[in-house]
Amino acid sequence: MTFGEQPAYLRVAGDLRKKIVDGSLPPHTRLPSQARIREEYGVSDTVALEARKVLMAEGLVEGRSGSGTYVRERPVPRSVARSGYRPSGGATPFRQEQADAAARGTWESRSEQAEAGAAIAERLAVQTGDRVMRTAYLFREAGEPMMLSTSWEPLAVTGRTPVMLPEEGPLGGMGVVERMRAIDVIVDNVTEEVGARPGLAEELHLLGGVPGHVVLVIQRTYYASGRPVETADVVIPADRYRVAYHLPVK
């Protein structure tokens, strides 16, 4: 194979992908069988099988038990709007994670004390094993699961204060900036790093995805005078949403 030449299974997958995208193979259409692919493209069973696996991993087709492989309905991606600091004065958790003022949604949350693993300890600038408050969120829009978020706050900062539980107490659900301000911790910076990876089984189960679907992961950290006071992983299904940033020019 010369430089730049694609393996046979990718060429086959690419042609089938083109047919799906241009509508030649519309949603709910049965994908050609492995034998048909083998005959049409003059490839081996192994190549035909690998090509189908590629399309399945990309979320373009889905297998139906005892029936075959079918082209999936392709959702029109919607935007998740994000900006710098979240609005204060009673902002709900949904609004804290989506900066669009018109956004409406519901959420579920669960908080528990835990020990910081090595990765979270590094992000919070604490020691591995230090106590943190871990809060997991599931956000819904019009009843449809659309976003997960897991946050960690060092109990060295919030422990034994009225804001120790993010969703309970007088400032429950008010957002990191306002909650920290209530205990004289002034948040002055926030960073977000965006990446993509295959969704974990538990994530896809909660978000209604299928194995192989890609998710966007936003790693967010709030700082007060250079000290991390909260870090979170926000997980969004990439086939249904796009992340749009609105950054003010100073």
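## Overall make-up

The protein chain of this predicted model contains 8 helices and 10 strands. It has 250 residues, and 40% of them are buried. Of the contacts between residues at least 6 apart in sequence, 57% join residues at least 24 apart.

Helix H1 covers residues 8-21, and its axis comes within 12 Å of the axis of H2, crossing at roughly 105°. H1 is therefore roughly perpendicular to H2, since angles from 65 to 115 degrees fall in that class. On the H1 side the contact is made by Val12, Asp15, Leu16 and Lys19, and on the H2 side by Ile37, Glu40 and Tyr41. Sorted by class, this contact holds 4 nonpolar and 3 charged residues, with no polar ones.

Helix H2 (residues 34-41) also packs against helix H3 (residues 45-57), at an angle of about 115° and with the axes 9 Å apart. This pair, too, is therefore roughly perpendicular. The crossing of H2 past H3 is right-handed. H2 supplies Gln34, Ile37 and Arg38 to the contact, while H3 supplies Asp45, Ala48, Leu49 and Arg52. The classes here are 3 nonpolar, 1 polar and 3 charged residues. Ile37 of H2 meets residues of H3 and is also in the contact with H1.

## The six-stranded sheet

An open sheet is built from 6 strands in the order S4-S5-S6-S9-S8-S7, with antiparallel pairing. Its edges are strand S4 (106-115) and strand S7 (189-198), each of which pairs on one side only. From one strand to the next, the twist averages 15°. Strands of a sheet pair through backbone hydrogen bonds, in either a parallel or an antiparallel way.

One of the pairings sets glutamate 192 against arginine 220, its bridge partner in S8.

## Strand S9 and its neighbours

Strand S9 spans residues 227-237; 9 of its 11 residues are buried, so this strand is largely enclosed by the rest of the structure. In the strand order, S9 lies between S6 and S8. Strand S6 (residues 144-154) is joined to S9 by 5 bridges, in an antiparallel arrangement. Here serine 151 has alanine 232 of S9 as its bridge partner.

On the S8 side, S9 is held by 10 bridges, again antiparallel. Tyrosine 222 stands opposite glutamate 230 of S9. The hairpin of S8 and S9 has 2 residues between the strands, and serine 225 in this hairpin takes a positive phi near 55°.

## Loop residues

Arginine 72 is placed in the loop between strand S2 (68-71) and strand S3 (78-82). Its relative accessibility is 15%, so arginine 72 counts as buried, the cut-off being under 20%. Apart from neighbours within four places in sequence, arginine 72 contacts Pro27, Gly59, Leu60, Val61, Glu62, His213 and Asp239.

With a relative accessible area of 83%, alanine 142 is exposed.

Key. Residues numbered from 1 in each chain as written. Predicted model: local features only at pLDDT ≥ 70, side-chain atom pairs only at ≥ 80, totals over all residues. Heavy atoms only, no water. Axes fitted to C-alpha atoms, helices over the stretch in contact; angles between N-to-C directions. Helix = DSSP H or I, 4+ residues; strand = E, 2+ residues; numbered from the N terminus. Parallel < 35°, antiparallel > 145°, perpendicular 65-115°, else oblique. Left-handed = near helix turned anticlockwise from the far one by under 90°. Contact = heavy atoms within 4.5 Å. Nonpolar A, V, L, I, M, F, W, Y, C, P; charged D, E, K, R; others polar. Pairing = 2+ DSSP bridges. Buried < 20%, exposed > 50% of the residue type's maximum accessible area, 1.4 Å probe, protein only.
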